Number of protein chains: 2
Amino acid sequence: MAIRTIEVRERVMARNDALAATVREQLAAHDVPAFNLVSSPGAGKTALLERTLATVGEELCISVITGDVQTDNDAVRLAAHTDRIGSAVITGGACHLDALQIQSALEAIDLDATGLLFIENVGNLVCPANWDLGEQGKIVLFSVTEGEDKPLKYPAMFERASHVVMTKTDLLAHVPFDIELAIANARRVNPDLEVLRVSSLDGSGLADWFDFLRRSVARARVHVNAG
Amino acid sequence: MAIRTIEVRERVMARNDALAATVREQLAAHDVPAFNLVSSPGAGKTALLERTLATVGEELCISVITGDVQTDNDAVRLAAHTDRIGSAVITGGACHLDALQIQSALEAIDLDATGLLFIENVGNLVCPANWDLGEQGKIVLFSVTEGEDKPLKYPAMFERASHVVMTKTDLLAHVPFDIELAIANARRVNPDLEVLRVSSLDGSGLADWFDFLRRSVARARVHVNAG
(Lines give C-alpha, C1' and ligand atoms only; values in the text may rest on other atoms or scores of the structure.)
Protein backbone atom coordinates (compact mmCIF):
# COMPACT_ATOMS: atom_id res chain seq x y z
CA MET A 1 0.00 0.00 0.00
CA ALA A 2 2.93 2.31 0.63
CA ILE A 3 3.96 1.79 -2.98
CA ARG A 4 0.49 2.67 -4.29
CA THR A 5 0.55 5.89 -2.28
CA ILE A 6 3.83 6.87 -3.85
CA GLU A 7 2.60 6.12 -7.36
CA VAL A 8 -0.42 8.34 -6.91
CA ARG A 9 1.66 11.04 -5.29
CA GLU A 10 4.10 11.03 -8.20
CA ARG A 11 1.27 11.46 -10.66
CA VAL A 12 -0.14 14.34 -8.62
CA MET A 13 3.33 15.94 -8.44
CA ALA A 14 3.82 15.54 -12.20
CA ARG A 15 0.48 17.24 -12.81
CA ASN A 16 1.50 20.04 -10.43
CA ASP A 17 4.82 20.51 -12.24
CA ALA A 18 3.02 20.80 -15.59
CA LEU A 19 0.64 23.42 -14.18
CA ALA A 20 3.58 25.28 -12.59
CA ALA A 21 5.24 25.46 -16.01
CA THR A 22 2.08 27.06 -17.40
CA VAL A 23 2.01 29.59 -14.56
CA ARG A 24 5.71 30.36 -15.14
CA GLU A 25 5.06 31.03 -18.85
CA GLN A 26 2.09 33.25 -18.01
CA LEU A 27 4.17 35.31 -15.57
CA ALA A 28 7.10 35.51 -18.01
CA ALA A 29 4.78 36.72 -20.79
CA HIS A 30 3.92 39.66 -18.52
CA ASP A 31 7.50 39.98 -17.25
CA VAL A 32 6.35 39.63 -13.66
CA PRO A 33 8.95 38.21 -11.28
CA ALA A 34 7.21 36.07 -8.64
CA PHE A 35 8.60 35.09 -5.26
CA ASN A 36 7.30 32.22 -3.16
CA LEU A 37 7.69 33.22 0.52
CA VAL A 38 8.13 30.19 2.77
CA SER A 39 8.95 29.77 6.47
CA SER A 40 7.88 28.32 9.78
CA PRO A 41 4.60 29.67 11.09
CA GLY A 42 5.27 32.98 12.78
CA ALA A 43 8.62 33.77 11.16
CA GLY A 44 7.24 37.08 9.92
CA LYS A 45 6.10 36.63 6.32
CA THR A 46 3.00 38.79 6.73
CA ALA A 47 4.81 41.45 8.78
CA LEU A 48 7.50 41.75 6.09
CA LEU A 49 4.84 41.98 3.38
CA GLU A 50 3.00 44.68 5.36
CA ARG A 51 6.15 46.83 5.51
CA THR A 52 6.91 46.07 1.85
CA LEU A 53 3.43 46.98 0.58
CA ALA A 54 3.33 50.14 2.68
CA THR A 55 6.69 51.38 1.36
CA VAL A 56 7.15 50.10 -2.20
CA GLY A 57 3.78 48.50 -2.97
CA GLU A 58 2.67 51.24 -5.35
CA GLU A 59 6.15 52.01 -6.68
CA LEU A 60 6.72 48.42 -7.77
CA CYS A 61 3.06 47.55 -8.51
CA ILE A 62 3.13 44.58 -6.14
CA SER A 63 0.35 41.98 -6.11
CA VAL A 64 0.05 39.26 -3.48
CA ILE A 65 -1.45 35.80 -3.26
CA THR A 66 -1.76 34.60 0.35
CA GLY A 67 -2.24 30.99 1.33
CA ASP A 68 -3.52 29.81 4.66
CA VAL A 69 -4.85 26.57 6.08
CA GLN A 70 -8.03 27.95 7.54
CA THR A 71 -8.41 31.75 7.74
CA ASP A 72 -7.91 34.75 5.47
CA ASN A 73 -6.35 36.74 8.33
CA ASP A 74 -3.16 37.43 6.36
CA ALA A 75 -5.05 38.76 3.36
CA VAL A 76 -7.07 41.02 5.67
CA ARG A 77 -3.84 42.33 7.28
CA LEU A 78 -2.33 43.02 3.86
CA ALA A 79 -5.47 44.58 2.42
CA ALA A 80 -4.89 47.57 4.71
CA HIS A 81 -1.78 48.37 2.67
CA THR A 82 -2.87 47.88 -0.92
CA ASP A 83 -5.76 47.54 -3.33
CA ARG A 84 -3.81 44.98 -5.31
CA ILE A 85 -4.51 41.81 -3.28
CA GLY A 86 -5.07 39.11 -5.82
CA SER A 87 -6.44 36.30 -3.82
CA ALA A 88 -6.55 34.62 -0.45
CA VAL A 89 -6.31 30.87 -0.89
CA ILE A 90 -7.68 28.87 2.02
CA THR A 91 -6.23 25.40 1.62
CA GLY A 92 -8.81 23.70 3.86
CA GLY A 93 -6.31 21.64 5.79
CA ALA A 94 -3.64 21.19 3.12
CA CYS A 95 -0.16 22.03 4.30
CA HIS A 96 1.06 23.85 1.19
CA LEU A 97 -0.11 25.81 -1.85
CA ASP A 98 -0.07 24.09 -5.24
CA ALA A 99 0.17 25.35 -8.81
CA LEU A 100 -3.52 24.81 -9.55
CA GLN A 101 -4.39 27.18 -6.69
CA ILE A 102 -1.97 29.78 -8.07
CA GLN A 103 -3.38 29.41 -11.57
CA SER A 104 -6.88 30.00 -10.17
CA ALA A 105 -5.76 32.89 -7.98
CA LEU A 106 -4.07 34.60 -10.95
CA GLU A 107 -7.47 34.91 -12.63
CA ALA A 108 -8.26 37.62 -10.07
CA ILE A 109 -5.01 39.53 -10.67
CA ASP A 110 -4.36 42.05 -13.45
CA LEU A 111 -0.87 41.00 -14.54
CA ASP A 112 -0.60 43.93 -16.97
CA ALA A 113 -0.79 46.21 -13.93
CA THR A 114 1.55 44.06 -11.82
CA GLY A 115 5.30 44.60 -11.55
CA LEU A 116 6.05 41.98 -8.91
CA LEU A 117 4.09 39.09 -7.42
CA PHE A 118 4.48 37.67 -3.93
CA ILE A 119 3.01 34.30 -3.05
CA GLU A 120 2.80 33.94 0.74
CA ASN A 121 2.80 30.19 1.27
CA VAL A 122 1.42 28.24 4.25
CA GLY A 123 3.74 28.47 7.27
CA ASN A 124 5.51 25.11 7.02
CA LEU A 125 9.16 24.28 6.40
CA VAL A 126 8.52 20.79 5.04
CA CYS A 127 5.75 20.33 2.48
CA PRO A 128 5.93 23.58 0.47
CA ALA A 129 9.51 22.68 -0.54
CA ASN A 130 8.18 20.02 -2.91
CA TRP A 131 5.52 22.05 -4.70
CA ASP A 132 6.62 24.23 -7.60
CA LEU A 133 4.21 27.16 -7.93
CA GLY A 134 5.73 28.59 -11.11
CA GLU A 135 7.69 31.14 -9.10
CA GLN A 136 11.00 32.69 -10.12
CA GLY A 137 12.48 31.91 -6.73
CA LYS A 138 11.68 30.67 -3.24
CA ILE A 139 12.59 33.06 -0.43
CA VAL A 140 12.83 31.40 2.96
CA LEU A 141 12.34 33.54 6.07
CA PHE A 142 14.38 32.37 9.06
CA SER A 143 13.70 34.07 12.38
CA VAL A 144 16.43 34.63 14.96
CA THR A 145 14.08 33.13 17.57
CA GLU A 146 14.38 29.69 15.91
CA GLY A 147 17.41 27.37 16.23
CA GLU A 148 20.60 27.89 14.23
CA ASP A 149 20.31 24.34 12.89
CA LYS A 150 17.00 24.81 11.03
CA PRO A 151 18.70 24.66 7.59
CA LEU A 152 20.22 21.27 8.50
CA LYS A 153 16.89 19.97 9.79
CA TYR A 154 14.83 21.21 6.83
CA PRO A 155 17.44 21.05 4.05
CA ALA A 156 15.06 20.63 1.10
CA MET A 157 13.58 24.05 1.69
CA PHE A 158 16.97 25.75 1.94
CA GLU A 159 18.36 23.81 -1.05
CA ARG A 160 15.51 24.97 -3.26
CA ALA A 161 15.50 28.59 -2.09
CA SER A 162 17.36 31.38 -3.86
CA HIS A 163 17.33 33.74 -0.87
CA VAL A 164 17.17 33.51 2.89
CA VAL A 165 15.89 36.50 4.86
CA MET A 166 16.95 36.49 8.49
CA THR A 167 14.01 38.10 10.32
CA LYS A 168 13.35 39.68 13.75
CA THR A 169 16.98 40.85 14.02
CA ASP A 170 15.81 43.39 16.64
CA LEU A 171 15.61 40.40 19.03
CA LEU A 172 19.26 39.37 18.58
CA ALA A 173 20.23 41.06 21.85
CA HIS A 174 17.65 39.01 23.74
CA VAL A 175 18.07 35.49 22.33
CA PRO A 176 20.94 33.00 22.48
CA PHE A 177 21.17 32.87 18.68
CA ASP A 178 24.41 32.91 16.67
CA ILE A 179 23.32 34.49 13.39
CA GLU A 180 26.66 33.83 11.68
CA LEU A 181 26.39 30.12 12.54
CA ALA A 182 22.80 30.07 11.26
CA ILE A 183 23.89 31.63 7.94
CA ALA A 184 26.86 29.25 7.70
CA ASN A 185 24.46 26.32 8.19
CA ALA A 186 22.20 27.66 5.46
CA ARG A 187 25.18 27.98 3.08
CA ARG A 188 26.37 24.49 3.97
CA VAL A 189 23.07 23.26 2.56
CA ASN A 190 23.06 25.73 -0.35
CA PRO A 191 26.26 27.69 -1.08
CA ASP A 192 24.44 29.90 -3.63
CA LEU A 193 21.96 31.35 -1.11
CA GLU A 194 21.76 35.13 -1.03
CA VAL A 195 21.29 36.37 2.54
CA LEU A 196 19.40 39.42 3.76
CA ARG A 197 18.83 40.52 7.37
CA VAL A 198 15.77 42.50 8.37
CA SER A 199 13.62 43.60 11.26
CA SER A 200 10.08 44.47 10.26
CA LEU A 201 9.69 45.96 13.75
CA ASP A 202 12.55 48.50 13.83
CA GLY A 203 13.02 48.64 10.05
CA SER A 204 16.69 47.72 9.95
CA GLY A 205 17.76 46.02 6.74
CA LEU A 206 14.54 46.86 4.94
CA ALA A 207 16.32 49.29 2.57
CA ASP A 208 18.43 46.38 1.26
CA TRP A 209 15.32 44.24 0.88
CA PHE A 210 13.53 46.96 -1.09
CA ASP A 211 16.62 47.40 -3.30
CA PHE A 212 16.63 43.70 -4.02
CA LEU A 213 12.97 43.92 -5.06
CA ARG A 214 13.66 47.01 -7.24
CA ARG A 215 16.50 45.15 -9.00
CA SER A 216 14.24 42.15 -9.60
CA VAL A 217 11.61 44.35 -11.22
CA ALA A 218 14.20 46.31 -13.23
CA ARG A 219 15.70 43.07 -14.55
CA ALA A 220 12.27 41.95 -15.74
CA ARG A 221 11.74 45.29 -17.49
CA VAL A 222 15.13 45.08 -19.24
CA HIS A 223 13.91 41.74 -20.52
CA VAL A 224 10.80 43.47 -21.89
CA ASN A 225 12.92 46.06 -23.71
CA ALA A 226 15.32 43.43 -25.02
CA GLY A 227 12.40 41.35 -26.23
CA MET B 1 -7.27 11.54 -9.53
CA ALA B 2 -7.87 13.69 -6.49
CA ILE B 3 -10.48 11.19 -5.37
CA ARG B 4 -8.08 8.28 -5.74
CA THR B 5 -5.54 10.11 -3.63
CA ILE B 6 -8.07 10.56 -0.86
CA GLU B 7 -9.09 6.92 -0.99
CA VAL B 8 -5.51 5.78 -0.55
CA ARG B 9 -4.90 8.36 2.14
CA GLU B 10 -7.93 7.20 4.08
CA ARG B 11 -6.71 3.62 4.00
CA VAL B 12 -3.28 4.73 5.20
CA MET B 13 -4.87 6.79 7.98
CA ALA B 14 -7.06 3.86 9.04
CA ARG B 15 -3.99 1.65 9.25
CA ASN B 16 -2.23 4.34 11.30
CA ASP B 17 -5.19 4.59 13.69
CA ALA B 18 -5.15 0.82 14.22
CA LEU B 19 -1.42 0.88 14.98
CA ALA B 20 -1.92 3.86 17.31
CA ALA B 21 -4.51 1.86 19.25
CA THR B 22 -1.94 -0.92 19.70
CA VAL B 23 0.67 1.58 20.92
CA ARG B 24 -1.88 3.08 23.33
CA GLU B 25 -2.63 -0.36 24.78
CA GLN B 26 1.06 -1.13 25.15
CA LEU B 27 1.67 2.14 27.01
CA ALA B 28 -1.41 1.63 29.20
CA ALA B 29 -0.26 -1.89 30.11
CA HIS B 30 2.90 -0.28 31.53
CA ASP B 31 0.99 2.71 32.93
CA VAL B 32 3.16 5.13 31.00
CA PRO B 33 1.52 8.46 30.15
CA ALA B 34 2.79 9.66 26.76
CA PHE B 35 2.72 13.21 25.46
CA ASN B 36 3.06 14.15 21.81
CA LEU B 37 4.88 17.53 21.66
CA VAL B 38 3.94 19.52 18.58
CA SER B 39 4.68 23.06 17.42
CA SER B 40 6.13 25.24 14.68
CA PRO B 41 9.81 24.68 14.00
CA GLY B 42 11.80 26.64 16.55
CA ALA B 43 9.06 27.07 19.19
CA GLY B 44 11.30 25.45 21.78
CA LYS B 45 10.35 21.77 22.03
CA THR B 46 13.92 20.59 22.43
CA ALA B 47 14.87 23.41 24.81
CA LEU B 48 11.92 22.56 27.07
CA LEU B 49 12.82 18.87 26.98
CA GLU B 50 16.43 19.70 27.86
CA ARG B 51 15.33 21.60 30.98
CA THR B 52 12.81 18.88 31.81
CA LEU B 53 15.27 16.00 31.50
CA ALA B 54 17.92 17.88 33.48
CA THR B 55 15.55 18.60 36.37
CA VAL B 56 13.00 15.76 36.60
CA GLY B 57 14.30 13.26 34.05
CA GLU B 58 15.55 10.78 36.66
CA GLU B 59 12.82 11.53 39.24
CA LEU B 60 10.04 10.74 36.76
CA CYS B 61 11.96 8.14 34.70
CA ILE B 62 11.36 10.03 31.46
CA SER B 63 12.03 8.45 28.07
CA VAL B 64 11.96 10.39 24.80
CA ILE B 65 11.33 9.61 21.15
CA THR B 66 12.47 12.43 18.87
CA GLY B 67 11.33 12.83 15.29
CA ASP B 68 13.09 14.94 12.69
CA VAL B 69 12.96 15.29 8.95
CA GLN B 70 16.63 14.93 8.31
CA THR B 71 19.00 15.08 11.30
CA ASP B 72 19.27 13.54 14.75
CA ASN B 73 20.39 16.90 16.23
CA ASP B 74 17.57 16.95 18.77
CA ALA B 75 18.37 13.47 20.05
CA VAL B 76 22.01 14.45 20.39
CA ARG B 77 21.06 17.58 22.36
CA LEU B 78 18.82 15.52 24.67
CA ALA B 79 21.33 12.71 25.10
CA ALA B 80 23.46 15.09 27.17
CA HIS B 81 20.72 15.07 29.83
CA THR B 82 19.73 11.42 30.07
CA ASP B 83 20.64 7.84 29.31
CA ARG B 84 17.01 7.07 28.59
CA ILE B 85 16.72 8.29 24.98
CA GLY B 86 14.64 5.70 23.23
CA SER B 87 14.98 6.51 19.63
CA ALA B 88 15.63 9.25 17.11
CA VAL B 89 13.30 8.81 14.16
CA ILE B 90 14.50 10.45 10.95
CA THR B 91 11.43 10.72 8.76
CA GLY B 92 13.38 11.14 5.52
CA GLY B 93 11.29 14.02 4.24
CA ALA B 94 7.96 13.14 5.83
CA CYS B 95 6.37 16.04 7.65
CA HIS B 96 5.08 14.14 10.70
CA LEU B 97 5.67 11.04 12.80
CA ASP B 98 3.29 8.08 12.42
CA ALA B 99 2.25 5.27 14.73
CA LEU B 100 4.37 2.66 12.94
CA GLN B 101 7.46 4.73 13.67
CA ILE B 102 6.47 4.99 17.34
CA GLN B 103 5.81 1.25 17.54
CA SER B 104 9.28 0.60 16.10
CA ALA B 105 10.92 3.20 18.34
CA LEU B 106 9.33 1.66 21.44
CA GLU B 107 11.26 -1.55 20.79
CA ALA B 108 14.37 0.34 21.95
CA ILE B 109 12.73 1.65 25.13
CA ASP B 110 12.41 -0.25 28.44
CA LEU B 111 8.81 0.62 29.36
CA ASP B 112 9.12 -1.15 32.73
CA ALA B 113 11.75 1.44 33.64
CA THR B 114 9.81 4.35 32.15
CA GLY B 115 7.46 6.60 34.10
CA LEU B 116 6.66 9.11 31.37
CA LEU B 117 7.21 9.19 27.60
CA PHE B 118 7.69 12.28 25.47
CA ILE B 119 7.34 12.10 21.71
CA GLU B 120 8.92 15.17 20.13
CA ASN B 121 7.19 15.45 16.77
CA VAL B 122 8.46 17.13 13.60
CA GLY B 123 8.16 20.92 13.81
CA ASN B 124 4.99 21.50 11.80
CA LEU B 125 1.60 22.87 12.86
CA VAL B 126 -0.36 21.19 10.06
CA CYS B 127 0.33 17.55 9.28
CA PRO B 128 1.07 16.09 12.76
CA ALA B 129 -2.47 17.09 13.84
CA ASN B 130 -3.91 14.24 11.76
CA TRP B 131 -1.66 11.41 12.91
CA ASP B 132 -2.55 9.65 16.14
CA LEU B 133 0.63 8.25 17.70
CA GLY B 134 -1.10 6.42 20.56
CA GLU B 135 -0.33 9.28 22.92
CA GLN B 136 -2.39 10.25 25.97
CA GLY B 137 -2.43 13.86 24.85
CA LYS B 138 -0.99 16.34 22.38
CA ILE B 139 0.80 19.32 23.90
CA VAL B 140 1.22 22.23 21.53
CA LEU B 141 4.01 24.70 22.16
CA PHE B 142 3.21 28.27 21.10
CA SER B 143 6.01 30.80 21.19
CA VAL B 144 5.41 34.46 22.02
CA THR B 145 7.45 35.35 18.92
CA GLU B 146 4.71 33.94 16.68
CA GLY B 147 1.42 35.70 15.91
CA GLU B 148 -1.52 35.72 18.32
CA ASP B 149 -3.76 34.25 15.60
CA LYS B 150 -1.87 30.96 15.19
CA PRO B 151 -4.69 28.94 16.87
CA LEU B 152 -7.19 30.33 14.36
CA LYS B 153 -4.88 29.61 11.43
CA TYR B 154 -3.99 26.08 12.53
CA PRO B 155 -7.17 25.09 14.38
CA ALA B 156 -6.91 21.31 13.93
CA MET B 157 -3.77 21.20 16.03
CA PHE B 158 -5.26 23.28 18.84
CA GLU B 159 -8.58 21.40 18.73
CA ARG B 160 -6.81 18.07 19.19
CA ALA B 161 -4.40 19.23 21.89
CA SER B 162 -5.06 18.86 25.60
CA HIS B 163 -2.50 21.49 26.64
CA VAL B 164 -0.88 24.57 25.19
CA VAL B 165 2.46 25.70 26.55
CA MET B 166 3.24 29.35 25.85
CA THR B 167 7.04 29.41 25.40
CA LYS B 168 9.81 32.04 25.37
CA THR B 169 7.89 34.25 27.83
CA ASP B 170 11.21 35.97 28.66
CA LEU B 171 10.80 37.74 25.29
CA LEU B 172 7.39 39.26 26.11
CA ALA B 173 8.95 42.62 26.94
CA HIS B 174 10.57 42.75 23.50
CA VAL B 175 7.82 41.62 21.15
CA PRO B 176 4.46 43.15 20.21
CA PHE B 177 2.60 40.03 21.39
CA ASP B 178 -0.61 40.05 23.43
CA ILE B 179 -0.39 36.77 25.34
CA GLU B 180 -3.95 37.06 26.75
CA LEU B 181 -5.31 37.46 23.21
CA ALA B 182 -3.26 34.48 22.06
CA ILE B 183 -4.65 32.32 24.88
CA ALA B 184 -8.19 33.58 24.21
CA ASN B 185 -7.77 32.58 20.54
CA ALA B 186 -6.58 29.13 21.59
CA ARG B 187 -9.60 28.70 23.87
CA ARG B 188 -11.95 29.93 21.13
CA VAL B 189 -10.78 26.92 19.14
CA ASN B 190 -10.71 24.57 22.13
CA PRO B 191 -12.32 25.73 25.40
CA ASP B 192 -10.90 22.74 27.29
CA LEU B 193 -7.27 23.62 26.67
CA GLU B 194 -5.09 23.76 29.76
CA VAL B 195 -2.56 26.59 29.49
CA LEU B 196 0.96 26.78 30.88
CA ARG B 197 3.50 29.58 30.44
CA VAL B 198 7.22 28.90 30.48
CA SER B 199 10.62 30.28 29.61
CA SER B 200 13.25 27.59 29.15
CA LEU B 201 15.81 30.39 29.14
CA ASP B 202 15.08 32.13 32.47
CA GLY B 203 13.21 29.19 34.00
CA SER B 204 9.97 30.99 34.81
CA GLY B 205 6.92 28.75 34.86
CA LEU B 206 8.95 25.57 34.76
CA ALA B 207 7.90 24.63 38.32
CA ASP B 208 4.26 24.50 37.16
CA TRP B 209 5.26 22.42 34.14
CA PHE B 210 7.16 19.94 36.32
CA ASP B 211 4.18 19.73 38.71
CA PHE B 212 1.90 18.93 35.78
CA LEU B 213 4.26 16.13 34.75
CA ARG B 214 4.45 14.81 38.34
CA ARG B 215 0.64 14.72 38.54
CA SER B 216 0.44 12.86 35.22
CA VAL B 217 2.85 10.21 36.49
CA ALA B 218 1.12 9.96 39.89
CA ARG B 219 -2.26 9.47 38.21
CA ALA B 220 -0.84 6.59 36.16
CA ARG B 221 0.60 4.99 39.32
CA VAL B 222 -2.75 5.26 41.14
CA HIS B 223 -4.16 3.36 38.20
CA VAL B 224 -1.55 0.62 38.77
CA ASN B 225 -2.48 0.33 42.46
CA ALA B 226 -6.19 0.32 41.68
CA GLY B 227 -5.61 -2.40 39.05
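**Close-up views of a predicted two-chain model**

**View 1. Phe35(A) is a buried residue in this predicted model.** The relative accessible area of Phe35(A) is 2%, and under 20% counts as buried. Phe118(A) is buried too, at 0% relative accessibility.

**View 2. Phe35(A) and Phe118(A) form a tilted aromatic pair.** Across all chains, a search of the whole structure gives 12 aromatic pairs. In the pair shown here, the ring centres of Phe35(A) and Phe118(A) are 6.4 Å apart and the ring planes stand at 40 degrees, so the pair is classed as tilted. Phe35(A) belongs to strand β1 (residues 34–38) of chain A and Phe118(A) to strand β4 (residues 116–120) of chain A, so that distant parts of the chain, 83 residues apart, are linked. Together with Trp209(A) and Phe212(A), Phe35(A) and Phe118(A) make up one aromatic cluster.

**View 3. Phe142(B) and Phe177(B) form an edge-to-face pair.** The planes of these two rings are at 90 degrees and their centres 5.9 Å apart; over 60 degrees counts as edge-to-face, so the pair gets that name. Phe142(B) lies in strand β5 of chain B, while Phe177(B) lies in the loop between β6 and α7 of chain B, 35 residues apart. Are Phe142(B) and Phe177(B) buried or exposed? Both are buried.

**View 4. Chain B contains an open sheet of 7 strands.** The strand order is β3-β2-β4-β1-β5-β6-β7 in chain B, and the pairing is parallel. Which strands are at the edges? They are β3 (87–90) and β7 (194–197) of chain B, each of which pairs on one side only. On average, neighbouring strands of the sheet are turned by 20 degrees against each other, direction ignored.

**View 5. Strands β1 and β5 of chain B pair in the parallel sense.** Strand β1 (residues 34–38) and strand β5 (residues 137–143) of chain B are joined over 4 bridges. Val38(B) is opposite Val140(B) in β5(B).

View 6. Buried residues of α2(B) include Leu48(B), Leu49(B), Leu53(B) and Val56(B).

**View 7. Chain B can be laid on chain A by a turn of 180 degrees.** The shift along the axis is 0.0 Å and the RMSD is 0.0 Å. The two copies are therefore related as by a two-fold rotation axis. The same surface serves both copies, with 100% of the contact residues of chain B recurring in chain A.

Conventions: Residues are numbered from 1 along each chain as its sequence is written. Chains are lettered from A and ligands numbered from 1 in the order in which they are written. This is a predicted model: local features need pLDDT of at least 70, side-chain atom pairs count only at pLDDT 80 or more; totals for chains, interfaces and linings use all residues. Side-chain values use heavy atoms; hydrogens and water are left out. Copies are superposed by least squares on the C-alpha atoms of residues with pLDDT of at least 70 in both. Contact means heavy atoms within 4.5 Å. Buried means under 20% relative accessible area, exposed over 50%, partly exposed in between (1.4 Å probe, protein chains only). Helices (H or I, at least four residues) and strands (E, at least two) are DSSP runs, numbered from the N terminus. Two strands pair if DSSP finds at least two bridges between them. Axes are lines fitted to C-alpha atoms, for helices over the stretch in contact, and angles run from 0 to 180 degrees between N-to-C directions. Rings of Phe, Tyr and Trp (its six-membered ring) pair if their centres lie within 6.5 Å; planes under 30 degrees apart count as stacked, over 60 as edge-to-face and the rest as tilted.
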